[in-house]
Every structure is written in structure tokens, then in C-alpha cells.
Amino acid sequence: MKIAINTGGGDAPGLNAVICAVVQGADRLGWEVHGIRDGYEGIYRAADYPDGGVVRLTPAMVERIAHLGGTILGTTNRGNPFARPTPQPDGTRRETDRSDELLAGLSAHGFDALVAVGGDGSLGIAHRLAAKGLRVVGVPKTIDNDLDATALTFGFQTAVAFATECVDRLHSTAQAHGRVMVVEVMGRYAGWIALNTGVAGGADAILVPEIPYDLGVVAEHLKERVARRGYALVVVAEGAAPKGGAVSVKARELGRAEQLGGAGERIAAELGGLTGRETRAVVLGHLLRGGSPVAVDRLLGLNFGAAAVRALAEGKRDVMVALDPPRVSYVPLADAVARTRLVPLDADSVLTARTLGIAFGD
Ligand code: F6P
């Protein structure tokens with residue numbers, strides 16, 4: 001067997017662990033593994049890469065990468081082969097289905113199968129490629145932890161651990177100045193990172209997309225906290241929205257999902273007015289995606305990579321490896337991308353937050 005592997009979408013700590021396990025697992029079976037650069041760009045733009053856009057991966061090349069953040073293959077969140085921005089004769093660009101070109105490129109390399117590592121977007125693409133005949137096994141990745149078919153994605157625990165450390169640090173400066181600090185974290189339309197960080201970090205309020213907020217309610221709660229303790233701290237998910245309002249969108253661009261951002265700044269400005277306290281916003285953003293994966297994420301990445309090779313060895317196709325505690329199992333890719341996993345309103349951490357007196361602004 002000659003298999004390809006690629007990483008797509010936003011990077012997440014643990015991607016290199018997957019690559020490490022796939023290469024070593026495949027090598028044990030006598031298979032070759034080749035990495036595609038930057039999602040599928042290595043196929044589309046082969047001539048732009050000194051190595052031709054596809055690189056043979058050997059066990060020696062990957063044996064010490066599992067602890068590294070990022071991805072040695074590179075990634076992109078503009079790489080949808082079914083909606084690739086393509087220059088038109090009139091000078092404009094239009095999203096075009098160029099999946100046949102990709103399949104032809106993969107077949108020219110003689111690949112028998114693809115391990116596609118990505119989030120909902122990349123896995124949806126993988127499923128569509130499988131429908132066109134490609135043998136694909138998907139591996140779920142995202143710091144957002146918003147894939148319904150797996151109990152956990154790697155990158156999430158690393159993001160929450162770092163965000164919690166940041167919140168710990170912000171408590172002391174907020175206290176020193178008697179300020180209201182607003183911390184914005186990533187997560188797209190799911191509030192997992194904000195919720196877990198806010199509870200672990202002892203926030204006074206947590207705003208998540210699943211619970212539309214009323215800032216008046218939040219401000220009253222913060223005023224009481226400030227009166228008692230001298231400062232307050234709010235964790236905001238980038239996808240949080242007010243009751244009856246919309247999410248904060250930073251940019252819309254051809255060929256990629258809308259970019260969220262701005263919620264923290266907006267909320268801080270409004271809370272400043274409502275509470276009468278000096279307020280500051282901190283956006284943790286891409287810091288949450290950087291750095292080494294914590295042990296849990298490394299292990300998950302390694303387990304997923306090894307399971308992806310087992311899936312191919314067992315003849316599986318069009319499936320995604322998934323954590324179904326205590327085991328890694330397989331789910332059809334179609335099911336894997338069918339639903340976003342949102343925070344249930346009765347999630348333990350939501351109930352715990354309420355027990356601790358943390359406000360959601362509802
Ligand atoms: O899906 C992962 C994620 O980090 C989201 O939390 C965030 O909204 C998005 O990617 C940011 O993407 P970009 O790297 O394009 O800014």
C-alpha cells in the first residue's frame with residue numbers, strides 16, 4: 001500500500017502525533033506514507049514546492065515530532081476542492097468544483113488511500129471525495145471540540161489548559177487595578193473552550209453561543225462581584241451573541257468559512273458603560289492553537305493515528321476514527337460531519353458553573 005496523509009483546517013496541538021503514529025504504523029505493515037503539503041495544495045500547486053508538494057515520510061523523520069505543536073505538513077483553511085477560488089476570464093474569482101483535478105493528481109501519485117486529518121470542513125470534504133471513489137479514513141481534529149461523533153478531539157485540552165493559565169494570570173492584574181477583564185477565546189459556534197476555561201479559571205461570568213446573553217444581567221452580577229471583591233473577570237466565546245442579536249464576524253472571504261472575532265472588545269466596551277468600571281479586553285485567539293500538546297492530546301493523536309492505519313488494514317473506507325470511551329472506534333464519515341456538538345444546557349460544567357455562582361447572562 002502507498003498511502004497519503006494531509007492536515008486541513010486550523011492547526012491543533014496533536015496533529016504531529018497523528019502523523020507520527022500513521023507513519024510508524026504503516027511502516028510496520030510494509031506500507032509507504034507520503035505527506036501532502038498544506039491540505040491539498042501540494043497536489044494543486046506542486047510546482048510551487050521545492051519538494052513537489054508531496055513528501056515521502058519515513059519513521060526516522062517522525063519519531064520525535066509527537067510533542068511538537070503545529071503540523072510538519074502545513075495546513076490551510078482555504079483548501080476546499082469543491083469550492084476552490086478560481087480566476088475567471090473576466091478577472092474575477094469564483095468558487096469552482098475542482099475535485100476531479102485533485103483525484104487525478106492523487107491517482108497520478110499511485111496512492112491507494114488517504115488519511116485526512118481535519119475538522120468538520122475537512123472531514124466533509126473527505127466524505128465527498130470518498131463518494132467519488134477515493135478510499136479515505138478521517139481523523140478528527142479541532143481545538144473547538146465541536147464534532148458530535150467523537151467524545152473528544154485533540155487540541156482542546158491544550159487550549160483549555162493554556163487559556164486557564166491566562167485567566168489565572170489575569171485575576172491578579174484585574175485585582176490590582178480594580179478592573180473588569182474580558183477574555184475572548186476561540187471555539188467558533190460552540191462554547192466548550194469558554195465554558196471549561198471559565199469554570200476552571202474561576203470567572204465571574206461566562207458567555208457562550210449556546211446561551212444568548214443579556215448584558216444588563218451580566219453587568220448587575222459583575223457590579224455585585226466588584227462590590228464584594230474589587231474586580232471581575234468574564235470569559236467570552238468568540239461565537240457568543242446577545243439575545244436576539246448576531247455573532248461578531250471579523251471577515252468574510254471567498255473559499256473559506258466566515259472569520260469570527262470582535263465579541264470581547266464589543267462586550268468590554270458595553271460592560272464598561274454598564275458597570276462604570278474600567279474595563280479591558282484580552283483576545284487569546286491563536287495562542288490557544290500554539291505550543292506543545294498536553295499529554296492527553298498527544299495520546300489522543302497517537303491513538304487516532306494508529307487506529308487510522310488499523311482501519312485501512314481492515315479494509316475500512318469512508319469512516320472517521322472517534323473516541324468512544326474507553327476505546328477508539330469508527331463512525332461513518334457522513335455521521336461524523338452531520339452535527340456540530342454544542343454545549344448542552346444541562347452539561348455538568350454548566351450546572352457546576354451555576355452552583356459556583358458564575359453568571360451566563362440568561
Ligand atoms: O476551528 C479552529 C479555529 O481556531 C476556531 O476556533 C477559529 O474561529 C478559527 O479556527 C480561526 O481560524 P483562522 O486561523 O483562519 O483565524
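The largest pocket has a volume of about 1000 Å³. A pocket here is an open set of points on a 1 Å grid over the protein atoms alone, where a 1.4 Å probe fits, with protein on both sides within 12 Å along at least five of seven lines. Its volume is the space filled by probe spheres set on the points, which are joined across faces, edges and corners. The model is predicted: local features need pLDDT of at least 70, side-chain atom pairs pLDDT 80 or more, while totals for chains, interfaces and linings use all residues. Residues are numbered from 1 along each chain, and side-chain values use heavy atoms, without hydrogens or water.

The lining numbers 47 residues, each with an atom within 4 Å of a point. Gly10, Asn77, Arg188, Arg256 and Ala257 lie nearest the centre. Domain 1 (2-154 + 293-325) and domain 2 (158-290 + 344-355) both contribute, so the pocket lies between them. The domain bounds come from an automatic or database assignment. Helix α5 gives the most, six residues; helices are DSSP runs of H or I, at least four residues.

Now the ligand. Asn77, Ile143, Asp144, Met186, Gly187, Arg188, Glu238, Arg256, His286 and Arg289 surround it, where near means a heavy atom within 4 Å. A polar side-chain atom of Glu238 sits 2.5 Å from a ligand oxygen. For the His286 side chain, an N or O atom is 2.8 Å from a ligand oxygen. Gly187 uses a polar backbone atom, 3.1 Å from a ligand oxygen. Alone, the ligand exposes 400 Å², and the protein buries 87% of that (Shrake-Rupley areas, 1.4 Å probe).

Note on methods. Helices (H or I, at least four residues) and strands (E, at least two) are DSSP runs, numbered from the N terminus. A polar contact is a pair of N or O atoms within 3.5 Å; within protein, one must be able to donate a hydrogen and the other to accept it, and residues adjacent in sequence count only if both atoms are side-chain atoms.
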